[in-house]
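Subject: Structure handover

Hi,

Here is the structure I promised to pass on. Please open it alongside this note.

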Amino acid sequence: MARTAIVIGAGLGGLSAALALQRVGFEVEVYEKSQELKEVGAGIVLYPNAINVLRKLDVYDAVASAGSFGRHGKYMTPNGKVLVEMDLKDVGLEKEAIAIHRADLQHALVNKLGADKIHLGMPLTSFDDNGKVTARFPGGSFASGDLLVGADGLHSAVRKQYLKDGDPQFANCFAWRGVVTGEFEGLPSDSGLLILGSGLQFGAMRIGQGRVYWFGAVADKKGAGARTSKKDVLELFGNWTDPIPQLINATAQEALLTHDLYDRKPTFNWGKDGITLLGDAAHPMVPFMGQGGCQALEDSIALGASLKEASSIPIGLRKYENLRKARTANFVTQSRKAMKASMTSNPLIAAARDLVFSKMPPQVLMKNFHTLNSYDMPDLD
Ligand SMILES: Cc1cc2nc3c(=O)[nH]c(=O)nc-3n(C[C@H](O)[C@H](O)[C@H](O)COP(=O)(O)OP(=O)(O)OC[C@H]3O[C@@H](n4cnc5c(N)ncnc54)[C@H](O)[C@@H]3O)c2cc1C
C-alpha cells in the first residue's frame, strides 16, 4: 500500500514538497487555509539552486517559459550613478536566474501536482501523532496519514503546536511590492536594477510577459503601519532616478502589497516522529538574499530523497532535517547580515558601502551565483 503524506500549506514550499513526495511514491494531500489559490501580486527571483530544483521536479520548462531570465544587472545610487554593472555572460553563466510572477510559478506547480490534491478552505487547527498522524480542521473534519509536513509559512500552526516558541521577530524593516506592465526606460527585457539609499533600497526586474516586478524596502522600527498607499511610496522613492517614479505611478493602488519583514533565530528542532517543518515554517529569513523561497524548494528535494529509501518515516524525516538545518541556518544569518549592510541608515556607512560596490569586480559579486549553482542536491529518482 502506498505511504500517505499530509502537507499543510499550498505555498511554494508545500506545493514543491507535495510534488517531491509524489515522485517518490507517496499519496499526498495538501490542506490550505485560503478559500482560493491566489498568489497575489508580487514577483519572485529564483536563483540557480532553485532552478536545479525546478528541473528535478520537472517544472523547469513551464516556469522558464512564463518568467524572464535575468542576465544583466546594475547597482545604482538614488540619483542614478551606476556603482557596478554585471553581465552573467562575463562570468561564464547564462540563464541562471528566473524572475517570475508568483501566480505563474504557483500555476506551474499546481498543474504538475494536480489541483484535485489541494483542499482549500482547510486551516489546520491541531494535529496528533500516535503512530499515524491526524490533522484536524474546523467543524470536526480531519485527515490521517503516515506523515505530516508543516509548510504553513511564517505563522505556522504546526510549528506553534510542536515548538511553542512564540512569534517570529520583527526585523525593523518593511517592504512595498508591486507589478506593472509596460516599457520603462533603463529596464530592458533581461535586466534588473538595485538602487541603494540610506535605510532604503529599491529593486526592479522584468518577470516575463511584459511585466515588471518592483520592491521598495524601508528600515523603520515602527514598521509600515498605515503606510499602504502609493502616496506613501512616492514620499520616500518619488524623487529617485528613472524609472522608479514611473514604476510606482504605474502601479494600481489595489496591486500594492505592504509587508513588515520577519525572521526567527535558527532552531535545530524541526520535528519528531511523523511530523516535520519545511520552508518559512522551519526557517523564515528576511528577503535580502532572495533565498527564502529558494530554500523552501531545496527542502522539498531533500525531503523526497530522504524518505525515498528510509527504513521508517521518522528515520527519513530526521535525515531530511539533518540535511537541511545547517544550510538554512546559514542563510537566515547571512540574510540578516545582508539586511544590516544594505539597509544601513547611517550616511557614512552607506557611502562606504557604495564605494566598496563601485570598486568590486563583478566576478566577485557574482561569486554567489557560482556557489548557489554548485550546491549538490540529492536525486529523487
Ligand atoms: C518582500 C519579500 C520578497 C521576497 N523575495 C524573494 C525572492 O526573490 N526569492 C525567494 O526565494 N524568496 C523571496 N521571499 C521569501 C519567500 O516569499 C518565502 O520564503 C516563501 O514564500 C516561503 O514559502 P512557504 O511555502 O514556506 O510559505 P508561504 O509562501 O507563506 O506559504 C504558506 C501557505 O500556508 C498557508 N497556511 C498558513 N497557515 C495555515 C494553516 N493553519 N492551515 C493550512 N494552511 C495554512 C498559507 O495560506 C500559505 O498558502 C520574499 C519574501 C518577502 C516578504
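Predicted model: local features only at pLDDT ≥ 70, side-chain atom pairs only at ≥ 80, totals over all residues.

**Ligand site**

The ligand is surrounded by 30 residues. The closest are Gly13, Glu32, Arg102, Leu124 and Asp280. By class, the shell splits into 13 nonpolar, 11 polar and 6 charged residues. Three elements each give at least two residues to it: helix H1 (12–23), strand S3 (43–46) and helix H8 (292–308).

- Arg102: a side-chain N or O atom sits 2.8 Å from a ligand oxygen.
- Gly293: a polar backbone atom is 2.9 Å from a ligand oxygen.
- Gly292: a backbone N or O atom is 3.4 Å from a ligand oxygen.

How much of the ligand does the protein bury? Taken alone, the ligand exposes 1000 Å², and the protein buries 84% of that.

**Helix H1**

H1 has 12 residues, and 10 of them are buried, so the helix is largely enclosed by the rest of the structure. The buried residues are Leu12, Gly13, Gly14, Leu15, Ser16, Ala17, Ala18, Leu19, Ala20 and Leu21. Gly13 is also among the residues closest to the ligand.

The helix length checks out. At 1.5 Å a residue, H1 should span 16 Å. Its end C-alpha atoms are 17 Å apart, which agrees. Just after H1, Gly25 takes a positive phi of about 100°.

**Aromatic pairs**

A search of the whole structure gives 10 aromatic pairs. One of them joins Phe170 and Tyr262. Their ring centres are 5.7 Å apart, with 55° between the planes, and the pair is tilted. Phe170 lies in strand S13 (residues 169–181) and Tyr262 in strand S17 (residues 257–263), so this pair ties together parts that are 92 residues apart in sequence. Phe170 is partly exposed, with a relative accessible area of 25%. Tyr262 is also partly exposed, at 26%.

What is the geometry of the Phe174 and Trp176 pair? The ring centres are 5.0 Å apart and the planes meet at 85°, so the pair is edge-to-face. Phe174 is buried, with a relative accessible area of 0%. Trp176 is buried too, with a value of 0%.

Phe174 and Trp176 also belong to a cluster linked by ring pairs.

Best wishes

Key:
Residues numbered from 1 in each chain as written. Heavy atoms only, no water. Near = heavy atom within 4 Å. Polar contact = N/O pair within 3.5 Å; in protein donor to acceptor, adjacent residues only side chain to side chain. Areas by Shrake-Rupley, 256 points an atom, 1.4 Å probe, with all protein chains shown as cover. Helix = DSSP H or I, 4+ residues; strand = E, 2+ residues; numbered from the N terminus. Nonpolar A, V, L, I, M, F, W, Y, C, P; charged D, E, K, R; others polar. Expected span 1.5 Å × (residues − 1). Buried < 20%, exposed > 50% of the residue type's maximum accessible area, 1.4 Å probe, protein only. Phe/Tyr/Trp six-rings, centres within 6.5 Å; stacked < 30°, edge-to-face > 60°.
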